[in-house]
Amino acid sequence: MAQQQQISLPAKLINGGVAGMVGVTCVFPIDLAKTRLQNQRSGQQLYKNMMDCLIKTVKSEGYFGMYRGAAVNLTLITPEKAIKLAANDFFRHRLSKDGGRLTVFREMLAGCCAGMCQVIVTTPMEMLKIQMQDAGRLAAQQRVMPSVVTTLKMGGTSAVLSRAYNTSPASQVMRVSATQITRELLRTKGVTGLYRGLGATLMRDIPFSVVYFPLFAHLHQLGQRSSEDPSVPFYWSFMSGCMAGCVAAVTVSPCDVVKTRLQSLKKGANEETYNGVVDCVRKILKKEGPTAFLKGASCRALVIAPLFGIAQVVYFVGVGEFLLGFSPYP
C-alpha cells in the first residue's frame with residue numbers, strides 16, 4: 001500500500017501533463033478565437049463568429065497564426081493540469097471518511113481547493129497566452145483603421161511590446177515571444193505583473209472546479225458496469241469529461257470574459273481600461289450590455305469539453321501508471 005501511494009502521485013502528475021498537452025494541441029485554435037471574440041468591443045467587431053475569426057486569422061497570419069501562444073500553453077499546461085487533477089484527487093481522499101462516499105458538499109469543497117491550487121500556474125500562463133493570442137486582432141484592427149494608435153497600459157511604455165504591436169497598415173507585426181513579455185513584465189512590475197488578474201482567475205477557476213468535479217464524478221459513476229465491477233469504459237470517461245466540462249465552462253463564461261479583459265495589456269482604438277473586477281463588470285454592463293458576458297461562450301465550451309474529456313481518458317486509462325510500470329487497476 002505504501003508503494004502504491006508513493007507511485008500514485010507522480011503517476012497522476014504524468015497523467016495530467018500528458019492529457020493537457022494532447023488536449024491543447026487539439027483545441028488551441030478554438031481557444032484563440034475565444035480570446036479574440038471576448039476582447040473585441042461592440043461597434044468594433046472584426047469577427048462575426050468563431051469560424052469567421054479562424055478564416056480571417058489563416059488569411060492574414062497563415063495556418064500557424066491559429067497557434068500563436070500555443071508554446072506557452074504547451075509548456076505550462078503540464079503543471080497546470082497535473083496540479084488541478086492531482087489536487088482534486090488528494091482533497092477528495094482527505095475529505096472522505098474511511099474511504100467512504102463523499103457528500104456533494106465535500107465534493108464541491110475538494111473541487112474548490114483544487115481550483116485554488118491551480119491558479120499558481122494558471123494565472124501567469126493565461127497572462128502570457130492572451131498577449132500572444134490577441135496581437136493578431138490588434139494588428140488587424142490597425143489595418144482596418146489606419147489612424148488607430150494602440151497604447152500600452154502598464155504604467156509606462158514598453159520598448160519590447162511597442163516594437164511588437166505598434167504597426168502601420170503596410171507593415172508586418174513583429175513577432176514577440178513569451179520570454180520577452182515575461183522579462184518586460186518582471187522588469188516593470190515585478191512578479192506581480194505575471195499575476196495580473198489573479199482575483200478574476202480565482203473567480204473563474206474556483207466555481208469551475210466546484211461545478212466540474214462533482215458533476216463528472218456522478219456522471220462517471222453512472223457508467224460503472226456493476227457494483228461488483230466498478231470499472232468504466234474509456235468512452236464513458238471521455239463523454240463524462242466532455243459533458244461536465246461543457247456545463248462548467250458555460251457556467252463561468254462571464255468570469256472568463258472579465259478575466260480576459262483584465263489580463264489584456266494592449267488596448268485597441270477606444271477600448272477602455274479597467275481598475276479591477278468590479279470596475280470591469282460595471283463598464284461592460286454599461287457600454288456593451290449583459291450579453292457581452294457571454295462572448296466566446298460557445299468557443300469556450302468547444303475548448304473545455306474535449307480538453308477535459310481527453311484528460312479524463314488519459315487519467316483513468318492510467319498512462320502515468322503504465323509508464324511507471326504500475327497497474328492502476330487492482
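Let's start with charge: a search of the whole structure turns up 21 salt bridges. One caution before I go on. This is a predicted model.

First pair. Glutamate 61 and arginine 36 meet through their side chains in a salt bridge, 2.9 Å from N to O. Glutamate 61 sits in helix 2, residues 50-61, and arginine 36 sits in helix 1. They are 25 residues apart, and the pair links distant parts of the chain. Are these two buried or exposed? Glutamate 61 counts as buried because its relative accessibility is 15%, and the cut-off for buried is under 20%. Arginine 36 is buried as well, with a relative accessible area of 0%.

Second pair. The side chains of glutamate 126 and lysine 259 form a salt bridge at 2.8 Å, N to O. Glutamate 126 is in helix 4, residues 104-144, and lysine 259 is in helix 10, so this pair ties together parts that lie 133 residues apart in sequence. Glutamate 126 has 7% relative accessibility, so it counts as buried. Lysine 259 is at 0%, and it is buried too.

Third pair. Arginine 282 and aspartate 279 meet at 2.6 Å, N to O, again in a side-chain salt bridge. Here both partners lie in helix 11, residues 277-288. They are 3 residues apart, about one turn of the helix. Aspartate 279 is buried, at 11%.

Side chains of opposite charge can pair when their charged atoms come close.

Now the network. Which residues are linked by salt bridges in it? They are Asp31, Lys34, Glu126, Lys129, Arg204, Asp205, Asp256, Lys259 and Arg300.

Let me stop at one member, lysine 34. It is in helix 1, which runs over residues 2-39. Lysine 34 is buried, because its relative accessible area is 2%, and under 20% is what buried requires. Its side chain makes a polar contact of 3.0 Å with the side chain of aspartate 256.

Proline 254 is in helix 10, residues 253-263. Between proline 254 and glycine 296 there are 9.5 Å, C-alpha to C-alpha, with the two 42 residues apart in sequence. Proline 254 counts as partly exposed because its relative accessibility is 28%.

Phe234, Tyr235, Phe238, Met239, Met243 and Val317 make a nonpolar surface patch of about 580 Å². Where does the largest share come from? Helix 9, residues 234-251, supplies 5 residues of the patch. Methionine 243 is in helix 9. It is partly exposed, given a relative accessibility of 39%.

Next, a record to set beside the model. An unreviewed UniProt entry places the feature "transmembrane region" at residues 234-258 and 301-324. What does the model show over those spans? Residues 234-258 are 96% helix and 0% strand, and their end C-alpha atoms lie 35 Å apart. Residues 301-324 are 92% helix and 0% strand, with end C-alpha atoms 33 Å apart.

Last, the whole chain. The protein chain has 13 helices and 2 strands. It has 330 residues, and buried residues make up 55% of them. Of the contacts with a separation of 6 or more, 77% are between residues 24 or more positions apart. The chain exposes about 15,100 Å², and carbon and sulfur atoms supply 65% of that.

To recap the charged part: the search finds 21 salt bridges. One of the pairs, glutamate 126 with lysine 259, ties helix 4 to helix 10. Another, arginine 282 with aspartate 279, stays inside helix 11. That's my tour.

Terms used:
Residues numbered from 1 in each chain as written. Predicted model: local features only at pLDDT ≥ 70, side-chain atom pairs only at ≥ 80, totals over all residues. Heavy atoms only, no water. Helix = DSSP H or I, 4+ residues; strand = E, 2+ residues; numbered from the N terminus. Buried < 20%, exposed > 50% of the residue type's maximum accessible area, 1.4 Å probe, protein only. Contact = heavy atoms within 4.5 Å. Areas by Shrake-Rupley, 256 points an atom, 1.4 Å probe, with all protein chains shown as cover. Polar contact = N/O pair within 3.5 Å; in protein donor to acceptor, adjacent residues only side chain to side chain. Patch = residues over 30% accessible without salt bridge, like charges linked within 9 Å, V, L, I, M, F, W, Y side chains within 5 Å. Salt bridge = Lys/Arg side-chain N within 4 Å of Asp/Glu carboxyl O. UniProt positions renumbered as here; feature names shortened; annotations may be inferred.
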